[in-house]
Amino acid sequence: MATVLLLGATSDMAVAMARTMAAKGYDIQLAARNSDRLKPLQGDITVRYGVNCTAHEFDATAFATHHDFYYSLTPKPDIVICVFGYMSDNDAACKNWDEASKMINSNYTGAVSILNIVGEDFAERKSGTIVGISSVAGVRGRQSNYIYGSAKAGFTAYLSGLRNKMYHCGVHVVSVLPGFVDTKMTAGLNLPPLLTANTQQVADTVEKAIRKKQNIVYVKWFWKWIMTIIKNIPENVFKKKKL
Ligand SMILES: NC(=O)c1ccc[n+]([C@@H]2O[C@H](COP(=O)([O-])OP(=O)(O)OC[C@H]3O[C@@H](n4cnc5c(N)ncnc54)[C@H](OP(=O)(O)O)[C@@H]3O)[C@@H](O)[C@H]2O)c1
């Protein structure tokens, strides 16, 4: 059976994806910082689904380690899902470059660094699927979230270009724009329940997108239309809003 590599496997979304893909019979490679934390999930997946599940040390911002990390994996994955990300207070990040650069590196630079390596390997093998968890926050910059949003915008554009390049090598690339999701990342936020997905809905969307070779997916369908409206608000009106 094919092998799925989850980058950022301690994330709530990644845990749901690991279980969903394991239930379909895929072998699983979990990768995260402080990978000892993955042991309980690794053990549970192995026993519950009877697939091969391994745990690996991976830091998205330790760019120099990415090549050796990827080439240490045996077997090489057939599907790579890039889940890691980081969001903190925008105003605080405007005053503190360490915070701003952490958001940029965790959501954009780290993803480019590892997916460049994965992309080259998949292109050579002429097969594989790459999934990136980006965000609707990247569709249009808002005053409350534009450092995170701009990093995700960069990631969305990267995935678009990668899909275009990889199409000609038989490699498929999926961009996921989840909308609000109930996870650790959004724990302190007052999210509208109707607009908020759970992690199982994200996992099911990702599994279907891989199976059906979809290109750009939203978890709750109406987010596509919400973002179409937001994108089309004239700039003269948009800049006056408190968003
Ligand atoms: N929740 C939402 O509403 C929402 C909406 C749209 C998009 N997203 C995106 O969805 C993805 C998953 O987020 P989530 O909501 O599931 O939140 P989460 O549970 O907080 O997951 C974020 C994960 O990213 C990992 N991470 C951060 N920096 C890392 C680094 N340098 N190296 C390796 N891993 C790192 C964290 O690992 P540690 O455990 O080591 O900190 C954590 O597991 C993120 O890319 C996020 O931006 C979330």
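User: Which residue in β4 stands opposite Leu6?

Analyst: This is a predicted model, in which local features need pLDDT of at least 70 and side-chain atom pairs count only at pLDDT 80 or more, while totals for chains, interfaces and linings use all residues. Residues are numbered from 1 along each chain as its sequence is written. Strands (E, at least two residues) and helices (H or I, at least four) are DSSP runs, numbered from the N terminus. In β4, the residue opposite Leu6 is Ile81.

User: How many bridges join β1 to β4?

Analyst: Two strands pair if DSSP finds at least two bridges between them. Strand β1 covers residues 3-7 and strand β4 covers residues 79-82, and the two run parallel. The number of bridges joining β1 to β4 is 4.

User: Which strands stand at the edges of the sheet?

Analyst: The open sheet has 7 strands with parallel pairing, in the order β3-β2-β1-β4-β5-β6-β9. Each edge strand has a single partner, so one side of it is left without a neighbour in the sheet. The strands at the edges are β3 (53-57) and β9 (216-218).

User: Why are α1 and α2 described as they are, and what is the term for their arrangement?

Analyst: The axes of α1 (residues 12-23) and α2 (residues 39-49) come within 10 Å and cross at roughly 20°. Axes are lines fitted to C-alpha atoms, for helices over the stretch in contact, and angles run from 0 to 180 degrees between N-to-C directions. Angles under 35 degrees count as roughly parallel, over 145 as roughly antiparallel, 65 to 115 as roughly perpendicular and the rest as oblique. The two helices, α1 and α2, are therefore roughly parallel.

User: Which residues of α2 does α1 meet?

Analyst: Two residues are in contact if their C-beta atoms, placed from the backbone, lie within 7 Å. From α1, the residues taking part are Val15, Ala18, Arg19, Ala22 and Ala23. In α2 they meet Leu41, Ile45 and Tyr49.

User: How many charged residues has the contact of α5 with α6?

Analyst: Helix α5 (residues 97-125) and helix α6 (residues 146-167) pack at about 10°, with axes 8 Å apart. Ala, Val, Leu, Ile, Met, Phe, Trp, Tyr, Cys and Pro count as nonpolar, Asp, Glu, Lys and Arg as charged, and the others, Gly among them, as polar. By this division the contact of α5 with α6 has 16 nonpolar and 3 polar residues, and the number of charged residues is 1.

User: What is the term for the arrangement of α1 and α7?

Analyst: The axes of α1 and α7 (residues 199-211) come within 8 Å and cross at roughly 55°. Helices α1 and α7 are therefore oblique.

User: Which helix gives the most residues to the shell around the ligand?

Analyst: A residue is near a molecule if its C-beta atom, placed from the backbone, lies within 6 Å of it. Of the 28 residues around the ligand, Ser11, Ala60, Gly85, Thr183 and Met185 come nearest. At least two residues of the shell are supplied by each of α1, α5 and β7 (180-181). With 3 residues, the element that gives the most is α5.

User: Which peptide bond is cis, with omega near 0°?

Analyst: The proline concerned, Pro75, is found in the loop between α3 (66-71) and β4. The cis bond runs from Thr74 to Pro75.
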